[in-house]
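Here is a short briefing to read alongside the structure.

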Amino acid sequence: MIRVLLADDQSLVRAGFRALLDAQPDIEVVDEAADGEQAVSRVRELRPDVVLMDIRMPRLDGLAATRRITGDHRLGGVKVVVLTTFELDEYVFEAIRSGASGFLVKDTEPDELLRAVRAVVGGDALLSPGVTRRLIAEFASRSKAPADAPGLGGLTEREREVMALVGIGLSNDEIARRLVVSPLTAKTHVSRTMVKLGARDRAQLVVLAYESGLVRPGWLG
């Protein structure tokens, strides 16, 4: 059973998400929070698998709440998915940099929301691939200059190649087709790369790929 906590200051939004998620046989909503402070407190108490986190909330915004959750080693198994609207796109890359495992736009289709919750628990894919690729390309171009990443030196040539493909938003299946290997082999390379770099999840691997200069904006043609 996938345990989800909803954090949004709009009760109607929470009710809609709860109705959809609780109707699934493998998902249950364990609690709701109306602000960031409450979200952090409830996450520490309940240790859900996934937090659906709105950005704009009173007392503590979603980005700050995300940083508190992902920065707490006791909550290492909790995945945060940031909820956004197209008007708030400028926050998305910062959300992933803050430790979020991905994001969803609030008007996403119900089936996509369900797939996303299941995917982030499995760690198999960055959410909303099409939107993700456009946003990462746009906001990575505004990010700081590439920094030295000593951990990259410990990667094999194939792992660096796989990391670059993750960085441009490819799924494991797409990486497998690109490299002509099995999906299981692609997943193994991704997992080993994450372990070597100490990446919390696939989303952080994307950030590291850009910040290290392994992937540069404009490679998503």
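In this predicted model, helix H9 runs over residues 183-197 and has 15 residues. From its first C-alpha to its last, H9 reaches 21 Å, close to the 21 Å expected at 1.5 Å a residue.

- The buried residues of H9 are Ala-186, His-189, Val-190, Thr-193, Met-194 and Leu-197.
- These residues cover an arc of only 130° around the axis, so they sit on the same side of H9.

**What follows H9**

- Gly-198 comes after H9, and its phi is positive, near 70°.

- As background, most residues other than glycine have a negative phi.
- Arg-47 has a positive phi near 50°, although this residue is not a glycine.
- You will find Arg-47 in the loop between helix H2 (36-46) and strand E3 (50-54).
- Arg-47 is partly exposed, with a relative accessible area of 43%.
- Arg-59, also not a glycine, has a positive phi of about 65°.
- Look for Arg-59 in the loop that links E3 and helix H3 (62-70).
- With a relative accessible area of 64%, Arg-59 counts as exposed, because exposed means over 50%.

Definitions and conventions: Residues are numbered from 1 along each chain as its sequence is written. This is a predicted model: local features need pLDDT of at least 70, side-chain atom pairs count only at pLDDT 80 or more; totals for chains, interfaces and linings use all residues. Side-chain values use heavy atoms; hydrogens and water are left out. Helices (H or I, at least four residues) and strands (E, at least two) are DSSP runs, numbered from the N terminus. Buried means under 20% relative accessible area, exposed over 50%, partly exposed in between (1.4 Å probe, protein chains only). The expected span of a helix is 1.5 Å times one less than its number of residues. The arc is that of the directions from the helix axis to the C-beta atoms.
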